[in-house]
Amino acid sequence: MSTYISIRQIPNYWMTADGKCDPKDAAEYRQTLENTLKEPKKGMPLRMKQVLQALKSEAGVKACGGTATTPPPLPKRLPPLIKLLTSKVPDLYKPAVASTVFPALGAHLHGVKFRYWDNVEHEATFMNVLIGRQSVGKGSIKKPIDYIMEDIKQRDAPNRQREAEWKKKNPSGKQNKDPRPADICIQMLIDDLTDAVFNQRIVDVNNNGQRYIYTIVDEIDSLKKVTSKNSIDVVGLLIRKAFDNSLAGQERVGADSVSGIAPLRWNFNASTTPTNARKFFYKMVNDGTLGRLDISTIIKKTDDSSPRPVIGIYDDKFAEELKPYIDRLEAASGLILCPQAKRLSLDIANENDDVCRLYESEAFRILSYRANVIAWLKGMVLYIAHGYRWDKTIADFVRWSSQYNLWCKMLYFGKQLEKELREEMEIQRQSGPQNLLELLPDEFTKEQYQLMRQTQGREGDGESTLRTWATRGHIVFDEVSNCYCKTEEYKLKYSKKE
(Lines give C-alpha, C1' and ligand atoms only; values in the text may rest on other atoms or scores of the structure.)
Protein backbone atom coordinates (compact mmCIF):
# COMPACT_ATOMS: atom_id res chain seq x y z
CA MET A 1 0.00 0.00 0.00
CA SER A 2 1.20 3.49 -0.81
CA THR A 3 2.05 5.96 1.92
CA TYR A 4 1.58 9.68 1.21
CA ILE A 5 3.46 12.22 3.31
CA SER A 6 4.25 15.89 3.10
CA ILE A 7 7.85 17.06 3.02
CA ARG A 8 6.99 19.29 5.96
CA GLN A 9 6.20 16.17 8.00
CA ILE A 10 9.79 14.93 7.70
CA PRO A 11 12.20 16.11 10.43
CA ASN A 12 15.06 18.18 9.06
CA TYR A 13 18.18 16.27 10.21
CA TRP A 14 20.44 18.79 8.51
CA MET A 15 19.15 21.62 10.70
CA THR A 16 21.42 22.87 13.48
CA ALA A 17 20.49 22.95 17.17
CA ASP A 18 19.59 26.65 16.97
CA GLY A 19 17.07 25.96 14.20
CA LYS A 20 19.15 27.51 11.42
CA CYS A 21 20.06 25.81 8.18
CA ASP A 22 22.53 26.62 5.44
CA PRO A 23 20.65 27.34 2.15
CA LYS A 24 22.85 24.85 0.30
CA ASP A 25 22.06 22.13 2.86
CA ALA A 26 18.38 23.03 2.79
CA ALA A 27 18.28 22.63 -0.98
CA GLU A 28 20.00 19.27 -0.74
CA TYR A 29 17.58 18.21 1.98
CA ARG A 30 14.53 19.11 -0.11
CA GLN A 31 15.95 17.54 -3.26
CA THR A 32 16.74 14.32 -1.40
CA LEU A 33 13.19 14.00 -0.10
CA GLU A 34 11.65 14.88 -3.47
CA ASN A 35 13.77 12.21 -5.15
CA THR A 36 12.59 9.72 -2.54
CA LEU A 37 8.94 10.48 -3.21
CA LYS A 38 9.27 10.61 -6.99
CA GLU A 39 11.17 7.34 -7.41
CA PRO A 40 9.51 4.61 -5.31
CA LYS A 41 10.73 1.97 -7.76
CA LYS A 42 14.33 2.57 -6.73
CA GLY A 43 13.79 2.99 -3.00
CA MET A 44 15.22 5.89 -1.06
CA PRO A 45 18.49 7.64 -1.99
CA LEU A 46 21.71 6.60 -0.28
CA ARG A 47 21.94 9.83 1.76
CA MET A 48 18.47 9.29 3.20
CA LYS A 49 19.24 5.61 3.89
CA GLN A 50 22.37 6.58 5.82
CA VAL A 51 20.44 9.07 7.94
CA LEU A 52 17.63 6.66 8.75
CA GLN A 53 20.00 3.77 9.47
CA ALA A 54 22.02 5.97 11.81
CA LEU A 55 18.85 7.01 13.62
CA LYS A 56 17.75 3.38 13.83
CA SER A 57 21.07 2.31 15.37
CA GLU A 58 20.81 5.10 17.93
CA ALA A 59 17.20 4.13 18.61
CA GLY A 60 18.35 0.60 19.39
CA VAL A 61 20.63 1.97 22.09
CA LYS A 62 17.91 4.24 23.50
CA ALA A 63 15.51 1.30 23.54
CA CYS A 64 17.57 -0.15 26.40
CA GLY A 65 16.78 2.75 28.70
CA GLY A 66 19.92 4.84 28.30
CA THR A 67 21.08 7.49 25.84
CA ALA A 68 23.57 7.35 23.00
CA THR A 69 26.42 8.03 25.46
CA THR A 70 25.05 7.04 28.88
CA PRO A 71 23.97 3.54 29.96
CA PRO A 72 20.83 2.89 32.00
CA PRO A 73 21.50 4.16 35.55
CA LEU A 74 22.18 1.66 38.31
CA PRO A 75 19.23 1.50 40.75
CA LYS A 76 19.72 3.70 43.80
CA ARG A 77 18.75 0.89 46.17
CA LEU A 78 20.77 -2.28 45.55
CA PRO A 79 20.47 -5.81 46.94
CA PRO A 80 22.71 -6.04 50.05
CA LEU A 81 25.24 -8.35 48.36
CA ILE A 82 25.66 -6.03 45.36
CA LYS A 83 25.77 -3.00 47.65
CA LEU A 84 28.64 -4.67 49.56
CA LEU A 85 30.57 -5.71 46.45
CA THR A 86 30.34 -2.20 44.95
CA SER A 87 30.96 -0.36 48.22
CA LYS A 88 34.70 0.16 47.68
CA VAL A 89 34.58 1.63 44.18
CA PRO A 90 33.53 5.12 42.96
CA ASP A 91 30.16 5.57 41.27
CA LEU A 92 31.82 5.49 37.84
CA TYR A 93 32.81 1.84 38.36
CA LYS A 94 29.77 0.55 40.24
CA PRO A 95 27.74 -0.63 37.20
CA ALA A 96 30.71 -2.58 35.85
CA VAL A 97 31.49 -4.20 39.21
CA ALA A 98 27.80 -4.99 39.76
CA SER A 99 27.81 -6.99 36.50
CA THR A 100 31.26 -8.56 36.53
CA VAL A 101 30.99 -10.27 39.94
CA PHE A 102 28.47 -12.87 38.75
CA PRO A 103 30.83 -15.33 36.99
CA ALA A 104 32.69 -15.69 40.31
CA LEU A 105 29.47 -15.88 42.35
CA GLY A 106 28.02 -18.49 39.98
CA ALA A 107 31.18 -20.61 40.31
CA HIS A 108 30.16 -21.34 43.91
CA LEU A 109 26.97 -23.10 42.88
CA HIS A 110 27.15 -26.82 42.17
CA GLY A 111 24.42 -29.25 41.24
CA VAL A 112 21.97 -26.34 41.10
CA LYS A 113 19.42 -25.80 38.34
CA PHE A 114 16.80 -23.14 37.69
CA ARG A 115 13.65 -23.32 35.55
CA TYR A 116 12.96 -20.36 33.26
CA TRP A 117 9.45 -19.14 32.39
CA ASP A 118 9.49 -21.34 29.24
CA ASN A 119 10.30 -24.39 31.47
CA VAL A 120 13.82 -24.75 30.06
CA GLU A 121 16.31 -25.51 32.83
CA HIS A 122 19.48 -23.42 33.18
CA GLU A 123 22.51 -23.34 35.43
CA ALA A 124 24.41 -20.33 36.77
CA THR A 125 26.51 -19.71 33.65
CA PHE A 126 27.97 -16.19 33.36
CA MET A 127 30.59 -15.15 30.83
CA ASN A 128 31.31 -11.45 31.29
CA VAL A 129 33.31 -9.21 28.97
CA LEU A 130 34.15 -5.74 30.29
CA ILE A 131 34.74 -3.25 27.47
CA GLY A 132 36.40 0.10 28.01
CA ARG A 133 39.17 2.19 26.56
CA GLN A 134 42.70 1.94 27.91
CA SER A 135 43.41 3.27 31.41
CA VAL A 136 39.73 3.77 32.18
CA GLY A 137 39.78 1.64 35.34
CA LYS A 138 38.88 -1.88 34.19
CA GLY A 139 41.13 -3.25 36.95
CA SER A 140 38.60 -2.07 39.55
CA ILE A 141 36.73 -5.38 39.16
CA LYS A 142 39.65 -7.54 40.34
CA LYS A 143 39.56 -7.02 44.09
CA PRO A 144 35.89 -7.91 44.57
CA ILE A 145 36.40 -11.01 42.42
CA ASP A 146 39.53 -11.98 44.39
CA TYR A 147 37.56 -11.92 47.63
CA ILE A 148 34.66 -13.88 46.11
CA MET A 149 37.02 -16.56 44.80
CA GLU A 150 39.27 -16.78 47.87
CA ASP A 151 37.62 -19.90 49.30
CA ILE A 152 37.83 -21.72 45.96
CA LYS A 153 41.45 -20.66 45.60
CA GLN A 154 42.22 -22.11 49.03
CA ARG A 155 40.38 -25.31 48.13
CA ASP A 156 42.28 -25.65 44.85
CA ALA A 157 45.73 -25.35 46.45
CA PRO A 158 45.95 -28.84 48.07
CA ASN A 159 44.39 -30.42 44.98
CA ARG A 160 47.07 -28.87 42.78
CA GLN A 161 49.69 -30.25 45.16
CA ARG A 162 48.15 -33.74 45.07
CA GLU A 163 48.02 -33.65 41.29
CA ALA A 164 51.67 -32.57 41.10
CA GLU A 165 52.71 -35.42 43.40
CA TRP A 166 50.75 -37.95 41.35
CA LYS A 167 52.42 -36.75 38.13
CA LYS A 168 55.84 -37.04 39.74
CA LYS A 169 55.19 -40.63 40.79
CA ASN A 170 53.62 -41.57 37.47
CA PRO A 171 55.66 -40.05 34.64
CA SER A 172 54.59 -40.46 31.04
CA GLY A 173 55.47 -43.92 29.76
CA LYS A 174 55.40 -45.68 33.10
CA GLN A 175 54.08 -49.22 32.68
CA ASN A 176 51.91 -49.64 35.79
CA LYS A 177 50.53 -46.26 36.72
CA ASP A 178 48.74 -45.53 39.94
CA PRO A 179 45.17 -44.38 39.26
CA ARG A 180 44.76 -40.61 39.36
CA PRO A 181 42.81 -39.63 42.51
CA ALA A 182 39.18 -39.25 41.48
CA ASP A 183 38.46 -36.54 44.04
CA ILE A 184 40.92 -34.01 42.56
CA CYS A 185 38.89 -30.95 41.64
CA ILE A 186 40.52 -27.69 40.52
CA GLN A 187 38.15 -24.86 39.57
CA MET A 188 40.35 -21.82 38.97
CA LEU A 189 42.24 -22.07 35.69
CA ILE A 190 45.21 -20.13 34.42
CA ASP A 191 44.99 -18.69 30.90
CA ASP A 192 47.63 -20.94 29.31
CA LEU A 193 46.39 -24.53 29.03
CA THR A 194 46.52 -27.55 26.76
CA ASP A 195 43.43 -29.30 25.47
CA ALA A 196 44.20 -32.21 27.79
CA VAL A 197 44.30 -30.04 30.92
CA PHE A 198 41.16 -28.09 29.99
CA ASN A 199 39.22 -31.27 29.31
CA GLN A 200 40.52 -32.93 32.48
CA ARG A 201 39.25 -29.98 34.51
CA ILE A 202 35.82 -30.21 32.84
CA VAL A 203 35.51 -33.88 33.77
CA ASP A 204 36.88 -33.39 37.31
CA VAL A 205 34.46 -30.63 38.30
CA ASN A 206 31.54 -32.62 36.87
CA ASN A 207 32.49 -35.74 38.81
CA ASN A 208 32.93 -33.78 42.03
CA GLY A 209 29.56 -32.15 42.51
CA GLN A 210 28.86 -30.65 39.05
CA ARG A 211 30.95 -27.59 39.81
CA TYR A 212 32.23 -24.80 37.57
CA ILE A 213 35.67 -24.05 36.22
CA TYR A 214 36.52 -20.36 36.25
CA THR A 215 38.94 -18.15 34.29
CA ILE A 216 39.80 -14.47 34.55
CA VAL A 217 41.96 -12.74 31.94
CA ASP A 218 43.11 -9.14 31.52
CA GLU A 219 42.61 -9.21 27.75
CA ILE A 220 39.98 -11.13 25.81
CA ASP A 221 42.59 -12.40 23.36
CA SER A 222 44.11 -14.50 26.17
CA LEU A 223 41.05 -16.76 26.14
CA LYS A 224 42.48 -18.35 23.01
CA LYS A 225 45.10 -19.99 25.24
CA VAL A 226 42.62 -22.06 27.24
CA THR A 227 43.10 -24.81 24.61
CA SER A 228 46.01 -25.92 22.44
CA LYS A 229 44.37 -24.65 19.25
CA ASN A 230 44.86 -20.97 20.19
CA SER A 231 41.84 -20.10 18.05
CA ILE A 232 39.13 -17.44 18.26
CA ASP A 233 36.72 -19.84 16.57
CA VAL A 234 37.30 -22.44 19.30
CA VAL A 235 36.61 -19.81 21.99
CA GLY A 236 33.32 -18.98 20.26
CA LEU A 237 32.37 -22.66 20.18
CA LEU A 238 33.20 -23.04 23.88
CA ILE A 239 31.09 -19.98 24.75
CA ARG A 240 28.09 -21.41 22.91
CA LYS A 241 28.53 -24.81 24.55
CA ALA A 242 29.10 -23.37 28.03
CA PHE A 243 25.95 -21.26 28.03
CA ASP A 244 23.85 -24.34 27.34
CA ASN A 245 26.07 -26.67 29.41
CA SER A 246 26.50 -28.87 26.34
CA LEU A 247 28.83 -31.85 26.36
CA ALA A 248 32.50 -31.13 25.79
CA GLY A 249 35.76 -33.03 26.13
CA GLN A 250 37.71 -35.56 24.11
CA GLU A 251 37.99 -39.30 23.56
CA ARG A 252 41.45 -40.81 23.15
CA VAL A 253 42.68 -44.39 22.80
CA GLY A 254 46.19 -44.03 24.26
CA ALA A 255 46.75 -45.12 27.85
CA ASP A 256 48.51 -41.83 28.66
CA SER A 257 45.84 -39.66 27.00
CA VAL A 258 43.16 -37.70 28.83
CA SER A 259 39.77 -39.02 27.82
CA GLY A 260 36.37 -37.92 29.03
CA ILE A 261 33.22 -36.03 28.12
CA ALA A 262 31.07 -33.98 30.49
CA PRO A 263 28.76 -30.92 30.45
CA LEU A 264 30.83 -27.79 29.99
CA ARG A 265 30.44 -25.56 33.06
CA TRP A 266 32.74 -22.62 32.46
CA ASN A 267 32.41 -19.09 33.82
CA PHE A 268 34.87 -16.36 32.95
CA ASN A 269 35.72 -12.68 33.23
CA ALA A 270 37.59 -10.92 30.45
CA SER A 271 38.42 -7.29 29.72
CA THR A 272 39.24 -5.54 26.48
CA THR A 273 39.01 -2.28 24.54
CA PRO A 274 36.18 -1.43 22.11
CA THR A 275 38.44 -1.93 19.08
CA ASN A 276 39.72 -5.31 20.24
CA ALA A 277 36.22 -6.42 21.24
CA ARG A 278 34.85 -5.73 17.76
CA LYS A 279 37.86 -7.44 16.20
CA PHE A 280 37.66 -10.52 18.44
CA PHE A 281 33.90 -11.05 18.04
CA TYR A 282 33.68 -9.87 14.43
CA LYS A 283 32.56 -13.27 13.12
CA MET A 284 30.44 -14.07 16.20
CA VAL A 285 28.00 -11.15 16.27
CA ASN A 286 25.29 -13.00 14.36
CA ASP A 287 25.90 -16.66 15.25
CA GLY A 288 24.54 -16.69 18.80
CA THR A 289 27.86 -16.15 20.57
CA LEU A 290 27.37 -12.47 21.38
CA GLY A 291 23.90 -13.07 22.81
CA ARG A 292 25.29 -15.57 25.31
CA LEU A 293 27.74 -13.05 26.78
CA ASP A 294 27.14 -10.60 29.60
CA ILE A 295 28.66 -7.32 28.38
CA SER A 296 29.54 -4.44 30.69
CA THR A 297 31.45 -1.21 30.19
CA ILE A 298 33.11 1.78 31.80
CA ILE A 299 32.60 5.07 29.99
CA LYS A 300 34.36 8.12 31.31
CA LYS A 301 33.56 11.45 29.70
CA THR A 302 36.60 13.13 28.21
CA ASP A 303 35.58 16.47 29.70
CA ASP A 304 34.91 15.01 33.15
CA SER A 305 36.42 17.33 35.76
CA SER A 306 35.44 15.21 38.78
CA PRO A 307 38.18 14.08 41.19
CA ARG A 308 40.33 11.11 40.23
CA PRO A 309 38.62 7.87 41.28
CA VAL A 310 40.02 6.25 44.42
CA ILE A 311 39.43 2.58 45.26
CA GLY A 312 38.59 1.74 48.87
CA ILE A 313 40.52 -0.67 51.09
CA TYR A 314 39.42 -4.32 51.07
CA ASP A 315 40.03 -5.85 54.48
CA ASP A 316 39.00 -8.64 56.86
CA LYS A 317 35.74 -6.82 57.68
CA PHE A 318 34.80 -6.89 54.00
CA ALA A 319 35.60 -10.62 53.88
CA GLU A 320 33.53 -11.30 56.98
CA GLU A 321 30.50 -9.48 55.57
CA LEU A 322 30.85 -11.38 52.29
CA LYS A 323 31.19 -14.84 53.84
CA PRO A 324 27.50 -15.53 54.68
CA TYR A 325 26.47 -14.89 51.09
CA ILE A 326 29.16 -17.23 49.75
CA ASP A 327 28.24 -19.90 52.29
CA ARG A 328 24.61 -19.84 51.15
CA LEU A 329 25.67 -20.28 47.53
CA GLU A 330 27.95 -23.20 48.45
CA ALA A 331 25.17 -24.90 50.42
CA ALA A 332 22.56 -24.71 47.65
CA SER A 333 21.62 -27.83 45.67
CA GLY A 334 18.95 -29.26 43.38
CA LEU A 335 16.24 -27.49 41.38
CA ILE A 336 15.51 -24.06 42.84
CA LEU A 337 12.36 -22.19 41.89
CA CYS A 338 11.32 -18.60 42.55
CA PRO A 339 7.82 -17.64 41.33
CA GLN A 340 8.57 -13.90 41.60
CA ALA A 341 11.64 -14.22 39.38
CA LYS A 342 9.69 -16.29 36.87
CA ARG A 343 6.91 -13.69 36.63
CA LEU A 344 9.40 -10.86 36.29
CA SER A 345 11.33 -12.56 33.49
CA LEU A 346 8.11 -13.12 31.55
CA ASP A 347 7.09 -9.48 32.09
CA ILE A 348 10.48 -8.30 30.80
CA ALA A 349 10.19 -10.59 27.77
CA ASN A 350 6.80 -9.07 26.91
CA GLU A 351 8.12 -5.55 27.47
CA ASN A 352 11.09 -6.24 25.21
CA ASP A 353 8.73 -7.39 22.46
CA ASP A 354 6.85 -4.10 22.74
CA VAL A 355 10.08 -2.09 22.68
CA CYS A 356 11.29 -4.02 19.64
CA ARG A 357 8.13 -3.16 17.73
CA LEU A 358 8.33 0.47 18.82
CA TYR A 359 11.94 0.97 17.73
CA GLU A 360 11.82 -1.54 14.85
CA SER A 361 15.19 -2.99 15.86
CA GLU A 362 15.75 -6.59 14.82
CA ALA A 363 19.11 -6.59 16.62
CA PHE A 364 17.43 -5.58 19.87
CA ARG A 365 14.87 -8.35 19.45
CA ILE A 366 17.47 -11.06 18.92
CA LEU A 367 19.80 -9.93 21.70
CA SER A 368 16.97 -9.40 24.19
CA TYR A 369 16.13 -13.11 24.46
CA ARG A 370 19.30 -14.26 26.21
CA ALA A 371 19.89 -10.91 27.91
CA ASN A 372 16.68 -11.62 29.78
CA VAL A 373 17.86 -15.14 30.66
CA ILE A 374 21.18 -13.80 31.98
CA ALA A 375 19.45 -11.13 34.08
CA TRP A 376 17.01 -13.73 35.46
CA LEU A 377 19.94 -16.00 36.40
CA LYS A 378 21.50 -13.10 38.30
CA GLY A 379 18.24 -12.70 40.16
CA MET A 380 18.24 -16.39 41.08
CA VAL A 381 21.81 -16.18 42.38
CA LEU A 382 20.86 -13.18 44.51
CA TYR A 383 17.72 -15.00 45.67
CA ILE A 384 19.88 -17.83 47.06
CA ALA A 385 22.61 -15.55 48.43
CA HIS A 386 20.04 -13.56 50.41
CA GLY A 387 18.62 -16.63 52.12
CA TYR A 388 15.94 -17.44 49.53
CA ARG A 389 14.36 -14.03 49.91
CA TRP A 390 13.06 -11.94 47.00
CA ASP A 391 12.44 -8.22 47.28
CA LYS A 392 12.09 -5.10 45.19
CA THR A 393 15.84 -4.38 45.21
CA ILE A 394 16.52 -7.72 43.50
CA ALA A 395 13.66 -7.19 41.03
CA ASP A 396 14.92 -3.70 40.12
CA PHE A 397 18.46 -5.01 39.75
CA VAL A 398 17.32 -7.81 37.42
CA ARG A 399 15.44 -5.35 35.23
CA TRP A 400 18.45 -3.01 35.15
CA SER A 401 20.82 -5.91 34.35
CA SER A 402 18.79 -6.84 31.27
CA GLN A 403 18.72 -3.25 30.02
CA TYR A 404 22.39 -2.63 30.82
CA ASN A 405 23.59 -5.78 29.06
CA LEU A 406 21.48 -4.92 26.01
CA TRP A 407 22.66 -1.31 26.01
CA CYS A 408 26.32 -2.37 25.99
CA LYS A 409 25.74 -4.89 23.21
CA MET A 410 23.85 -2.39 21.08
CA LEU A 411 26.50 0.26 21.68
CA TYR A 412 29.47 -1.86 20.63
CA PHE A 413 27.92 -4.40 18.25
CA GLY A 414 24.44 -3.15 17.33
CA LYS A 415 25.43 -1.41 14.11
CA GLN A 416 27.21 -4.50 12.75
CA LEU A 417 24.39 -6.82 13.77
CA GLU A 418 21.72 -4.59 12.20
CA LYS A 419 23.75 -4.49 8.97
CA GLU A 420 24.17 -8.27 8.85
CA LEU A 421 20.48 -8.83 9.56
CA ARG A 422 19.50 -6.42 6.77
CA GLU A 423 21.78 -8.28 4.38
CA GLU A 424 20.21 -11.59 5.41
CA MET A 425 16.74 -10.25 4.74
CA GLU A 426 17.84 -8.93 1.35
CA ILE A 427 19.28 -12.32 0.40
CA GLN A 428 16.07 -14.05 1.46
CA ARG A 429 14.00 -11.52 -0.45
CA GLN A 430 15.97 -12.06 -3.64
CA SER A 431 16.32 -15.82 -3.35
CA GLY A 432 12.70 -16.69 -4.22
CA PRO A 433 10.39 -15.75 -7.08
CA GLN A 434 9.30 -12.12 -6.96
CA ASN A 435 5.78 -10.81 -7.48
CA LEU A 436 6.49 -7.92 -9.83
CA LEU A 437 3.14 -6.30 -9.18
CA GLU A 438 3.86 -6.19 -5.43
CA LEU A 439 7.15 -4.40 -6.14
CA LEU A 440 5.35 -1.65 -8.04
CA PRO A 441 3.44 1.28 -6.50
CA ASP A 442 -0.36 1.36 -6.64
CA GLU A 443 -0.13 3.58 -9.75
CA PHE A 444 2.71 3.04 -12.23
CA THR A 445 3.65 3.84 -15.79
CA LYS A 446 4.74 1.35 -18.42
CA GLU A 447 8.28 2.75 -18.15
CA GLN A 448 8.30 2.05 -14.41
CA TYR A 449 7.05 -1.47 -15.03
CA GLN A 450 9.70 -2.19 -17.67
CA LEU A 451 12.45 -0.78 -15.48
CA MET A 452 11.27 -3.03 -12.64
CA ARG A 453 11.43 -6.03 -14.98
CA GLN A 454 15.00 -5.16 -15.91
CA THR A 455 16.14 -4.79 -12.29
CA GLN A 456 14.65 -8.26 -11.58
CA GLY A 457 16.48 -9.78 -14.55
CA ARG A 458 13.36 -10.43 -16.62
CA GLU A 459 13.65 -10.48 -20.42
CA GLY A 460 11.27 -9.05 -23.03
CA ASP A 461 8.88 -6.10 -22.91
CA GLY A 462 6.39 -7.81 -20.57
CA GLU A 463 3.33 -6.83 -22.59
CA SER A 464 1.77 -10.28 -22.15
CA THR A 465 2.14 -10.02 -18.37
CA LEU A 466 0.34 -6.66 -18.34
CA ARG A 467 -2.50 -8.16 -20.40
CA THR A 468 -2.73 -11.12 -17.98
CA TRP A 469 -2.89 -8.81 -14.96
CA ALA A 470 -5.64 -6.80 -16.66
CA THR A 471 -7.60 -9.94 -17.66
CA ARG A 472 -7.49 -11.26 -14.08
CA GLY A 473 -8.71 -7.92 -12.73
CA HIS A 474 -5.46 -7.06 -10.94
CA ILE A 475 -4.94 -3.75 -12.79
CA VAL A 476 -6.80 -1.27 -14.97
CA PHE A 477 -5.39 1.30 -17.38
CA ASP A 478 -6.28 4.95 -16.77
CA GLU A 479 -6.21 6.73 -20.12
CA VAL A 480 -6.33 10.16 -18.48
CA SER A 481 -3.16 9.74 -16.41
CA ASN A 482 -1.68 7.19 -18.82
CA CYS A 483 -0.93 4.95 -15.83
CA TYR A 484 -1.79 1.45 -14.69
CA CYS A 485 -3.63 1.23 -11.36
CA LYS A 486 -3.98 -1.72 -9.01
CA THR A 487 -7.63 -2.54 -8.41
CA GLU A 488 -9.15 -2.43 -4.95
CA GLU A 489 -10.01 -6.15 -5.29
CA TYR A 490 -6.34 -6.97 -5.90
CA LYS A 491 -5.12 -4.84 -3.02
CA LEU A 492 -7.58 -6.43 -0.61
CA LYS A 493 -6.73 -9.95 -1.72
CA TYR A 494 -3.01 -9.90 -2.46
CA SER A 495 -1.23 -6.81 -1.17
CA LYS A 496 0.91 -7.15 1.95
CA LYS A 497 -0.51 -5.23 4.86
CA GLU A 498 1.81 -2.66 6.39
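At what angle do the axes of helix α15 (residues 446-455) and helix α16 (residues 463-471) cross? In this predicted model, the two axes cross at roughly 115° and come within 11 Å. The crossing of α15 and α16 is right-handed. On the α15 side, the contact is made by Lys446, Tyr449 and Arg453, and these meet Glu463, Thr465, Leu466 and Trp469 of α16. Sorted by class, the contact of α15 with α16 holds 3 nonpolar, 1 polar and 3 charged residues.

Attention now turns to a sheet. Here 3 strands, in the order β2-β1-β10, form an open sheet with mixed pairing. Because β2 (121-122) and β10 (334-336) stand at the edges with a single partner strand each, one side of each is left without a neighbour in the sheet. Helix α12 (residues 362-385) packs on this sheet, where it touches β1, β2 and β10, and its direction makes about 125° with that of β1. Within the sheet, strand β1 (residues 112-115) pairs with β10 in the parallel sense, over 3 bridges. Lysine 113 is found opposite leucine 335 in β10.

Helix α12 also has a helical partner to consider. The axes of helix α10 (residues 316-331) and α12 come within 8 Å, with a crossing angle of roughly 110°; α10 and α12 are therefore roughly perpendicular to each other. Tyr325, Arg328 and Leu329 of α10 make this contact with Val381, Ile384 and Ala385 of α12. By class, the residues of the contact of α10 with α12 comprise 5 nonpolar, no polar and 1 charged.

Technical notes. Residues are numbered from 1 along each chain as its sequence is written. This is a predicted model: local features need pLDDT of at least 70, side-chain atom pairs count only at pLDDT 80 or more; totals for chains, interfaces and linings use all residues. Side-chain values use heavy atoms; hydrogens and water are left out. Axes are lines fitted to C-alpha atoms, for helices over the stretch in contact, and angles run from 0 to 180 degrees between N-to-C directions. Helices (H or I, at least four residues) and strands (E, at least two) are DSSP runs, numbered from the N terminus. A crossing is left-handed if the near helix is turned anticlockwise from the far one by less than a right angle, and right-handed if clockwise. Contact means heavy atoms within 4.5 Å. Ala, Val, Leu, Ile, Met, Phe, Trp, Tyr, Cys and Pro count as nonpolar, Asp, Glu, Lys and Arg as charged, and the others, Gly among them, as polar. Two strands pair if DSSP finds at least two bridges between them. Angles under 35 degrees count as roughly parallel, over 145 as roughly antiparallel, 65 to 115 as roughly perpendicular and the rest as oblique.
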